Amino acid sequence: MTDGFKVGTGLKQGDGLAHSIFNMALGNVIRQLLVQTTSTIFHGSVKLIGYADDISIMGRTKRAISDVYGELKERAKEVGLIINVDKTKAMVQNRRLGKGSTLTVVAHKIEVVGRFKYEYLGTVINDSHDEEKEIRTSILAATKAYSSLQAIFRSKQIHRNNKMSLYKTLIKLILCYDSVTWTLTQTAEQMLNTFETKILRSIYGPTQAGGR
């Protein structure tokens, strides 16, 4: 180990070391916070979730969130990281604070939204916890992928097994990309089954009466 030295220049954007050094700095900041980063919100008044350069603060009260936000802001500032307030959004499960309002936290006015896209697997979160909207979006994306490959799926020169491989590797992955975050309802499950049945019929053809 050498003696410490001061670094006067940062890395250029896109540098191969940038993300590793950033994660080390941010990880150190998070470890210094007196907040849980495991288990669920049911085991405490506030919880912090971090993924890459995105951080979500979940709390039961505005004060709990404000305290963690303020501490995060100060700790990050010590290592040269600044919170981008313009990109910071709030979502409140409270009928008294409607969409389009603002939430003041540590002198920062944060926009309150009804939905936003979280970078973890591109998950769309909304204030009504209605995951069916997100599943419909996934089905739409998978439908577009299928439409671009219709010439292949309709071709009689391509074996069914090859078509199934294409479906599993190119379409189904898009459909189920962030499915680990879903809590399926009967309606949502029916939507997914209907979509897959449509694809399978295009590959194998209509089911014959009395057949298997």
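# Reading a predicted protein model

Tutor: The protein has 6 helices and 7 strands. This is a predicted model, in which local features need pLDDT of at least 70 and side-chain atom pairs count only at pLDDT 80 or more, while totals for chains, interfaces and linings use all residues. Residues are numbered from 1 along each chain as its sequence is written, and side-chain values use heavy atoms, with hydrogens and water left out.

Student: What makes a stretch a helix or a strand here?

Tutor: Both are DSSP runs numbered from the N terminus: a helix is H or I with at least four residues, a strand is E with at least two. From the N terminus on, the order is α-β-β-α-β-β-β-β-β-α-α-α-α.

Student: What is the average pLDDT of the protein?

Tutor: pLDDT is the predictor's confidence in each residue, from 0 to 100. The protein averages 80, and 82% of the residues score at least 70.

Student: Why is Gly-70 called buried?

Tutor: Buried means under 20% relative accessible area, exposed over 50%, and partly exposed in between (1.4 Å probe, protein chains only). Gly-70 has 16% relative accessibility, so Gly-70 counts as buried. Gly-70 lies in helix H2 (residues 62-78). Val-105 is 35 residues away from Gly-70 in sequence, yet the two C-alpha atoms are 8.0 Å apart. Of the 212 residues in the protein, 26% are buried.

Student: What makes a group of residues a nonpolar core?

Tutor: A nonpolar core is a set of buried Ala, Val, Leu, Ile, Met, Phe, Trp, Tyr and Cys residues joined through side-chain atoms within 4.5 Å. The largest one has 18 residues, and Ile-135, Ile-139, Phe-153, Tyr-167, Ile-171 and Phe-195 have the most contacts inside it. Helices H3 (131-148), H5 (160-175) and H6 (186-204) each give two or more residues to this core. H6 supplies the largest share, 6 residues. A second, separate core of 12 residues includes Leu-26, Val-29, Leu-33 and Leu-72.

Student: Which residues is Ile-139 in contact with, leaving aside its neighbours within four places in sequence?

Tutor: Contact means heavy atoms within 4.5 Å. Ile-139 is in contact with Leu-175, Met-191, Leu-192 and Phe-195, leaving aside those neighbours.

Student: Why are the buried residues of H3 said to line one face?

Tutor: The buried residues include Ile-135, Ser-138, Ile-139 and Ala-142. Seen down the axis of H3, the buried residues fall within an arc of 155°, so they line one face of the helix. The arc is that of the directions from the helix axis to the C-beta atoms. On the other side of H3, Lys-144 and Ser-148 are exposed.

Student: What makes two strands a pair?

Tutor: Two strands pair if DSSP finds at least two bridges between them. Strand E4 (residues 102-105) and E5 have 4 bridges in the antiparallel sense, and Thr-104 has Lys-109 in E5 as its bridge partner. Strand E3 (residues 89-90) and E5 have 2 bridges in the parallel sense, with Lys-89 opposite Glu-111.
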